[in-house]
Amino acid sequence: MAFKLNISVSFICLMVLVLATGSYGGGISIYWGQNGNEGTLAETCATGNYEYVNIAFLATFGNGQTPMINLAGHCDPYSNGCTGLSSDIKSCQAKGVKVILSIGGGAGSYSLSSSDDARQVAMYLWNNFLGGTSSSRPLGPAVLDGIDFDIEGGTGEHWDDLAKYLSGYSKKGKKVYLTAAPQCPFPDAWVGNALKTGLFDYVWVQFYNNPPCQYSSADIANLEDAWKQWTSDIPATKIFLGLPAAPDAAGSGFIPVNDLTSKVLPAIKNSSKYGGVMLWSKYYDDQSGYSSSIKSHV
């Protein structure tokens, strides 16, 4: 009997711990890399606010181009100046933060010309950023946790092939997480087909710069309807609410903290696919303190 009692007490203690730490809640995903004044990657992870950091961006790749990373003012990839980020990446991972390379972006030069092109890009990503080997790894020897598809241009062709080839590398050891940042109008014009593969772990949908499906102070219905469609129709592990971290971070779609915590999150958190909130970007989050304000509610 005493043994059973101890188990019961232990279980109750565990439940109290889970409730106290919000372990059943969501996490915050942040984009880092496009502003030299947003602190280092290690400092970003040390805030304790983020569970996922997307390094933005590998902006040039595919269609025969030499792949090139662009981290704005943080470092110069042309002189191998970004290899020092490996220690930062390892520091983040030691804190339990998943560090993901985001490919694409709003101003990149990228496209996939064929399935074979997708295979070659996947091999490049594996050897240069993931678990493979290369003599010229742009971020040094650290092994990133996955690849984020932030595809906002070019065509919608062959991103599904890229996802399949990247997913195949998970069989070689460490899991390769696949994430994506589609626009909220459904289906997404670029990665819509790729998302149908069911290979994506986390999908942070951009509910901004898209008035038909974003929040407006007068009405949550458009966002809620879009959220329901994304969570019911996309076979991903978790869906995230993607937002600007400050009014200046996007043309439209910023949600004031009080509106987010009192109206929006209560309307979407009941979904079993709710994963949390994605923010663009670390620079704007520094200006607004948005993640610190919402963290306990996410």
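Is the crossing of α4 and α5 right-handed or left-handed? In this predicted model, the crossing of these two helices is right-handed. Two packed helices are described by the angle between their axes and the distance between the axes. Here α4 spans residues 115-129 and α5 spans residues 159-168, and the two pack at an angle of about 40° with their axes 8 Å apart. The pair therefore counts as oblique, since angles under 35 degrees would be roughly parallel and those from 65 to 115 roughly perpendicular.

The contact can be followed residue by residue. From α4 come Ser115, Ala118, Arg119, Val121, Ala122 and Leu125, and they meet Asp161, Leu162, Tyr165 and Leu166 of α5. By class, the residues of this contact are seven nonpolar, one polar and two charged.

The next feature is a pocket. Rolling a probe the size of a water molecule over the atoms shows where empty space is left. The second largest pocket has a volume of about 280 Å³. Its lining is made up of 20 residues, and those nearest the centre are Phe57, Gly105, Gly106, Glu152 and Trp280. Sorted by class, the lining holds nine nonpolar, nine polar and two charged residues.

The backbone has some features of its own. Most residues other than glycine have a negative phi, and most peptide bonds are trans. Trp280, one of the residues nearest the centre of the second largest pocket, is joined to Ser281 by a cis peptide bond with omega near 0°. Ser281 itself lies in the loop between β10 and α9 (282-288). Another cis peptide bond runs from Phe186 to Pro187, with omega near -5°. Pro187 belongs to the loop between β7 (177-180) and α6 (192-195).

Asn63 is not a glycine, yet its phi is positive, at about 55°.

Technical notes:
Residues numbered from 1 in each chain as written. Predicted model: local features only at pLDDT ≥ 70, side-chain atom pairs only at ≥ 80, totals over all residues. Heavy atoms only, no water. Axes fitted to C-alpha atoms, helices over the stretch in contact; angles between N-to-C directions. Helix = DSSP H or I, 4+ residues; strand = E, 2+ residues; numbered from the N terminus. Parallel < 35°, antiparallel > 145°, perpendicular 65-115°, else oblique. Left-handed = near helix turned anticlockwise from the far one by under 90°. Contact = heavy atoms within 4.5 Å. Nonpolar A, V, L, I, M, F, W, Y, C, P; charged D, E, K, R; others polar. 1 Å grid on protein atoms, 1.4 Å probe; cavity = no way out; pocket = protein on both sides within 12 Å on 5 of 7 lines; lining within 4 Å. Points joined across faces, edges and corners; volume = space filled by probe spheres on them.
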